[in-house]
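Thanks for asking me to look this one over. My notes follow as numbered points, with the cut-offs given as the terms come up.

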Amino acid sequence: MSNKYPNPHANKIFTALLQYYKGHGTALRFSTTFQLLCAVILSAQTNDNQVNKITDKLFAVASDSAALAAMSLEQIEELIKTCGLYKNKARHLQQAARIINEQYGGEVPQTREELETLPGVGRKTASVVLFVGFNIPALPVDTHVLRVANRLALADSSTPAGTEKQLCAQLAPELWGDIHHALIWHGRTICLGRKPQCAKCFLRQDCPFVV
Ligand code: SF4
């Protein structure tokens, strides 16, 4: 594995994570990059299974930016109302759809700068769209990535920005997205927030946080 700044501890953990979670990508369902963007906007403080139930209904009615931009706010709210913060998210979806439809010819822009100007799109959402949608290196840091990376001493930061910077500095860009997914899956299935399942964790021998 090609780490930029080899560190034996980190190298061992990264290698084990990449091997164990090989092939584990996003759990969100989508057919186009526009749908991916919508799903990621909806996923803030909502789990992916819930988002998939919502987008199954939403994309059946509005599968592209033109169709979503033409919907009223009330129609969008009705379709996504089981999602947390649904009123804000409905507004963001409608505005983002209109901008993409009018300014980008219906295609999701491919730069971080452009993505982060869209309503409801911050650094983490832009990073997911860049990596998952366009295969452009990015390492989105959500609550799972932040927690697991710091427990494993792959990072030493209480912020997403600090954790992202430290993780990226240790890895070749082509590994950023895969490590993002590996850390997410580890956080969802084994290194749980309140009760990490250390007894069955394949990293327990090397984890300073093991309980
Ligand atoms: S040993 Fe425990 S704390 Fe460490 S990564 Fe595994 S589950 Fe998380």
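1. **Terms and numbering.** A residue is called buried if 20 or more other C-beta atoms lie within 10 Å of its own, exposed if 12 or fewer do, and partly exposed in between, with C-beta atoms placed from the backbone. This is a predicted model, in which local features need pLDDT of at least 70 and side-chain atom pairs count only at pLDDT 80 or more, while totals for chains, interfaces and linings use all residues. Residues are numbered from 1 along each chain as its sequence is written.

2. **Overall fold.** The chain has eleven helices and zero strands; here helices (H or I, at least four residues) and strands (E, at least two) are DSSP runs, numbered from the N terminus. Read from the N terminus, the order of elements is α-α-α-α-α-α-α-α-α-α-α. The radius of gyration is 18 Å, close to the 17 Å that the globule rule gives for 211 residues, so the chain is as compact as a globular protein of that length. For that comparison, the radius is taken over C-alpha atoms, and the rule is 2.2 Å times the number of residues to the power 0.38.

3. **Extent and burial.** Along the principal axes, the C-alpha atoms occupy a box of roughly 55 × 30 × 30 Å. Of the 211 residues, 38% count as buried. Two residues are in contact if their C-beta atoms, placed from the backbone, lie within 7 Å. Among the contacts between residues at least 6 apart in sequence, 58% join residues at least 24 apart.

4. **Domains.** Domain 1 covers 8–24 + 138–206 and domain 2 covers 33–134, with bounds that come from an automatic or database domain assignment. The centres of domain 1 and domain 2, taken over C-alpha atoms, are separated by 27 Å. Eight residues from domain 1 and five residues from domain 2 make up the contact. On the side of domain 1 that touches domain 2, there are five nonpolar residues, two polar and one charged. In this classing, Ala, Val, Leu, Ile, Met, Phe, Trp, Tyr, Cys and Pro count as nonpolar, Asp, Glu, Lys and Arg as charged, and the others, Gly among them, as polar.

5. **Helix α11.** This helix spans residues 173–189, and its 17 residues reach 25 Å from first C-alpha to last, close to the 24 Å expected at 1.5 Å a residue. The expected span is 1.5 Å times one less than the number of residues. Twelve of the 17 residues of α11 are buried, so the helix is mostly covered. Among them are L175, W176, I179, L183 and I184, along with D178, H180, H181 and H186. The buried residues pack against α1 (8–20), α8 (123–134), α9 (143–151) and α10 (160–170).

6. **Helix α9 and what follows.** V145, L146, V148, A149 and R151 are the buried residues of α9, and their cover includes α10 and α11. A153 lies in the loop between α9 and α10. Its phi is near 60 degrees, a positive value in a residue other than glycine. A153 counts as partly exposed because it has 15 C-beta neighbours inside 10 Å.

7. Q45 sits in the loop between α2 (33–42) and α3. Its phi is near 55 degrees, again positive in a residue other than glycine. Why does Q45 count as exposed? Q45 has 10 C-beta neighbours inside 10 Å.

8. L42 is in helix α2 and counts as buried because it has 27 C-beta neighbours inside 10 Å. Not counting residues up to four places away in sequence, L42 touches V51, I54, T55, I80, C83 and K89. N49, in helix α3 (residues 48–61), counts as exposed because it has 11 such neighbours inside 10 Å. The pair N49 and T82 is 33 residues apart in sequence and 12 Å apart in space, C-alpha to C-alpha. L42 and H9 are likewise 33 residues apart in sequence, but 36 Å apart in space, C-alpha to C-alpha.

9. Which residues come nearest to the ligand? Of the 13 residues around the ligand, they are C191, P196, C198, C201 and C207. A residue is near a molecule if its C-beta atom, placed from the backbone, lies within 6 Å of it. By class, the shell holds ten nonpolar, one polar and two charged residues.
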